[in-house]
Amino acid sequence: MYKTIGILAHVDAGKTTFSEQLLFHMKAIRTRGRVDHKDAFLDGHGIEKNRGITVFADQAVFRHNGTEYTLIDTPGHIDFSPEMERAIRVMDAAILVVSAADGVEGHTETVWDLLRKNRVPTFIFINKNDREGADREAALREIRKSLSEDAVLLDDGLTPDVIEWMAERDETLLEHYFEEGFDEEMWIRAMRRMTASGRIFPAGSGSALKDVGVTEFFTWLDRLSGGNRLDEDGPFAARVYKIRHDEGGQRITFLKMTGGRLSVRDEVRIAGEPRKVTQIRKYSGHKYTVQDTANTGELVAVMGLSGIKAGEPLGAETGRAAFSLTPSLSAAVHFGDSIHPKDMLAHFMQLDAEDPSLSVTWEEHAREIRVHVMGLIQLDVLKEVVSDRFREIITFGEPSILYKETVRSAVRGYGHFEPLRHYAEVHLAISPAECGSGITFKSDCHPNELAPGYQNLVGQVLTGKPHRGLLTGSPLTDLEITLITGRAHNEYTSGGDFREASLRALRQGLEKAETILLEPVYDVKIKVATELMGRVLNDIRKAHGQFGNPDTDGEATRIDARVPVSTFMDYPSIFASFTNGKGAISLRSGGYEACHNPEQVKARIGYDKEADPDYSSSSVFCARGKGYSVPWHEAEAAMHLL
């Protein structure tokens, strides 16, 4: 049996120290490293050693009770949370580490939400009980309040209190208890089912640094985490977990096997093209062993595959993973004249393959490379990565906020493209969609009106890459686009014609719509001395934020707020200054909301929708053997299908 378990936490909760203790006891490593000693097994990259934080999700393999475990240590810093989210998609179970001294922090809740969204059975370890000011019971209360009331502490085993607590959540258990008494094995089986379904969350406590409670906690995880409910005898199926490149630049594709088997020299089809597996590796830290076959449930690294990204399915696996955590900042890459822009772009496209959230682009009008990032620390790390790997010195321009655009109400969009010997017409219904849903496409067009191949092409054009809105040229999001009808010409239509017609239809619809500018916001948690509460609330108001009723307990007050990233990005350093480092503040990505100052943003960006070389809202028709342009407000009346 194979199990992939992840370990996750807010930064500095002690998860890497926990990992070291667990790996030592499982005989996966000979000596226990420490983050502050720069010798942690899973923080082996020089950047991680120097900074004392986990940046890359790395793994270690060990065996226990007949099961092969792969432990993934994930980043805890918000700047590297997309790396953490990609790892969550391949976990069979997760360990969430919470500091007894600091309690549930903002990023802890982000992690929890992602684990629940992906239905990963979760075990909670309350760490740092040895710290001055640590309060296990207070931390457990906060876990039950902020995360789930279904967390159950198992430090003392199946005590009468735990048995009663379980019975209250399962009528079958309650009846069995009253009729036949306590049967430990039956209780364990029930706990395993309830953990797998997310009805309960087993918890333990201790001190990873002092090696207290770690092995006892893992014993419970081993007993209560189920096996892989995967089809071992079915066809090959896998999901891409991450992409890396070795020192020679060779691409390494990490896969979670979700069905069947994969052998060296097997062919895997990617985008319709066969790719041959040339090697299968099993990594533990930076070392690996080579094997001929990968089985269902294993996490392996494969050589020979290209043209696929993290989160995508292979073989019989279906559905591309949709990631929730997206960057809110954009920055230009600056570099010297000694390297050609195409070569630097190639370097960054390699990094983009490893971290798709970078969304690396070449902006032709500005002649610059731009990247998307979660925060300023990520930019510093990128500088070091480029220096270490490519031996190039880079800097970044001042980061700018990543705005987005959407529509407030439904509209129809019409596009026609008919220069001489070309022809395509597209009619779209464009509607606002749920916040954070991106752009989705469906077709209500009958095959007799437009061939399915052309319908699929329209969908690919509209969803294959981001498209700019009219207000600031920012990416469009939260749209449902439906193909109503379309027309091709038997002789003159080519695929590129439908690209032109589709984009013109989208743009023409936006011209008629009420478009909204969206900005990223933070969900903010602040703990501060009650005497400073007024100052903090006033700062939030000035930053155009919103807050709920402050929760005061003695001399401390907790404040929850939602504040624009643009006005609050630098606030943690200000907060640390006036609280003398005695307060606590955490920021987590809160998605997007309507921009608080859209007119100022539009004026500052200065986007000219009429001068965008990639987009036009007008349509092109043909008369007397010559194409002519029809502006967007006249195009609808000129359509052939109306």
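In helix H10 of this predicted model, the buried residues are Met344, His347, Phe348, Gln350, Leu351, Asp352, Ala353 and Glu354. The helix itself covers residues 341–354, and its 14 residues reach 20 Å from the first C-alpha to the last, a span close to the 20 Å expected at 1.5 Å a residue. In general, an α-helix has 3.6 residues a turn, so residues three or four places apart point the same way.

The chain as a whole is divided into domain 1 (2–224), domain 2 (237–315), domain 3 (329–402), domain 4 (405–513 + 608–636) and domain 5 (517–599). Between the C-alpha centres of domain 2 and domain 5 there is a distance of 44 Å.

An open sheet of seven strands was found, in which the strands follow the order E2-E3-E1-E4-E5-E7-E6 and the pairing is mixed. Its edge strands, each of which pairs on one side only, are strand E2 (58–64) and strand E6 (151–153). On average, and with direction ignored, neighbouring strands of this sheet are turned by 25° against each other. Helix H5, which comprises residues 136–146, packs on the sheet, where the helix touches strand E4 (93–99), strand E5 (122–127), E6 and strand E7 (201–205). The direction of H5 makes about 160° with that of E6.

When residues up to four places away in sequence are not counted, Gln59 touches Leu42, Thr70, Leu71, Ile72, Tyr241, Lys242, Phe254, Tyr283, Ser284, Gly285 and Leu299.

Another antiparallel pair is formed by strand E33 (residues 619–623) and strand E34 (residues 626–630), which are joined by five bridges. In this pair, Phe621 stands opposite Tyr628 of E34. The hairpin of E33 and E34 has two residues between the strands, and Arg624 takes a positive phi near 55° in this hairpin.

Positive phi values were also computed for residues in loops. Most residues other than glycine have a negative phi, and most peptide bonds are trans. Arg119, although not a glycine, has a positive phi of about 55°, and its place is in the loop between helix H4 (106–117) and E5. With a relative accessible area of 72%, Arg119 is exposed. Asp211 likewise has a positive phi, near 60°, and lies in the loop between E7 and helix H9 (214–224). The relative accessible area of Asp211 is 26%, and the residue is therefore partly exposed, since this class lies between the limits of 20% and 50%.

Tyr403 is placed in the loop between strand E22 (400–401) and strand E23 (404–407). Its relative accessible area is 5%, so that Tyr403 is classed as buried. Apart from neighbours within four places in sequence, the residues in contact with Tyr403 are Ser474, Pro475, Leu517, Leu518, Glu519, Ser566, Tyr592, Cys595, Val601, Arg604 and Ile605. Tyr403 and Ser328, which are 75 residues apart in sequence, are 7.7 Å apart in space, C-alpha to C-alpha.

Glu312 is found in a further loop, between strand E16 (299–303) and strand E17 (313–315). This residue counts as buried because its relative accessibility is 18% and the class takes in values under 20%. Leaving aside neighbours within four places in sequence, Glu312 is in contact with Ala238, Arg239, Val240 and Arg320.

Cysteine residues were considered last. A disulfide is a covalent bond between the sulfur atoms of two cysteines, and the structure holds zero disulfides. Cys445 counts as buried, at 7% relative accessibility, whereas Cys622 is partly exposed, with a relative accessible area of 24%.

Note on methods. Residues numbered from 1 in each chain as written. Predicted model: local features only at pLDDT ≥ 70, side-chain atom pairs only at ≥ 80, totals over all residues. Heavy atoms only, no water. Domains from an automatic or database assignment. Pairing = 2+ DSSP bridges. Helix = DSSP H or I, 4+ residues; strand = E, 2+ residues; numbered from the N terminus. Axes fitted to C-alpha atoms, helices over the stretch in contact; angles between N-to-C directions. Contact = heavy atoms within 4.5 Å. Disulfide = S-S within 2.5 Å. Buried < 20%, exposed > 50% of the residue type's maximum accessible area, 1.4 Å probe, protein only. Expected span 1.5 Å × (residues − 1).
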